[in-house]
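Hi,

Here is the structure I said I would pass on.

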Amino acid sequence: IDECDYYVVILGGKYGSMNSDGIRYTEMEYNYAQDKEIPTLGFIRSNLGNLSMDKNEESEEKRTKLSKFRDKIKNTRL
């Protein structure tokens, strides 16, 4: 990430693997890029309801975390 001109994040319907603190690895990378003031491009999949069930989170906890991460990206100046 330190050597990147831009950090690109693409979000679908899964929060994904988390570290021991319960934070998604992609979110940790995103936070790092923001801390380093690396220009960021965010692409967020709309209409998650149109995805098949296996492409969406099953647990309420991960759905909540994904929603908060999506909001974070939407509210960040990209």
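**Salt bridges and a helix pair**

Glu27 has a relative accessibility of 10%, so it counts as buried. Keep in mind throughout that this is a predicted model.

What does Glu27 pair with? Its partner is Lys72, in a salt bridge whose closest N and O atoms are 2.7 Å apart. Lys72 counts as partly exposed, because its relative accessibility is 28%, whereas the cut-off for buried is under 20%. As a reminder of the general idea, side chains of opposite charge can pair when their charged atoms come close.

Helix α1 covers residues 25-35 and helix α2 covers residues 60-74. They pack at an angle of about 25°, and their axes are 11 Å apart. Angles under 35 degrees count as roughly parallel, and α1 and α2 are therefore roughly parallel to each other. The crossing in which α1 passes α2 is left-handed. On the α1 side, the contact is made by Thr26, Glu27, Tyr30 and Asn31, while α2 brings in Phe69, Lys72 and Ile73. Glu27 and Lys72, the salt-bridge partners, are both on the contact list.

How many salt bridges turn up in the whole structure? The search finds two. Besides the pair above, Arg63 forms a salt bridge with Glu60, and here the closest N and O atoms are 2.7 Å apart. This one stays within helix α2: Arg63 and Glu60 are three residues apart there, so about one helical turn separates them. Arg63 has 36% relative accessibility and therefore counts as partly exposed.

You will find Glu3 in the segment before β1, the strand at 7-11. Is Glu3 buried or exposed? Glu3 counts as exposed, because its relative accessibility is 80%. Its C-alpha atom is 9.5 Å from that of Ile38, a residue 35 positions away along the chain.

Cheers

Note on methods: Residues numbered from 1 in each chain as written. Predicted model: local features only at pLDDT ≥ 70, side-chain atom pairs only at ≥ 80, totals over all residues. Heavy atoms only, no water. Axes fitted to C-alpha atoms, helices over the stretch in contact; angles between N-to-C directions. Helix = DSSP H or I, 4+ residues; strand = E, 2+ residues; numbered from the N terminus. Parallel < 35°, antiparallel > 145°, perpendicular 65-115°, else oblique. Left-handed = near helix turned anticlockwise from the far one by under 90°. Contact = heavy atoms within 4.5 Å. Buried < 20%, exposed > 50% of the residue type's maximum accessible area, 1.4 Å probe, protein only. Salt bridge = Lys/Arg side-chain N within 4 Å of Asp/Glu carboxyl O.
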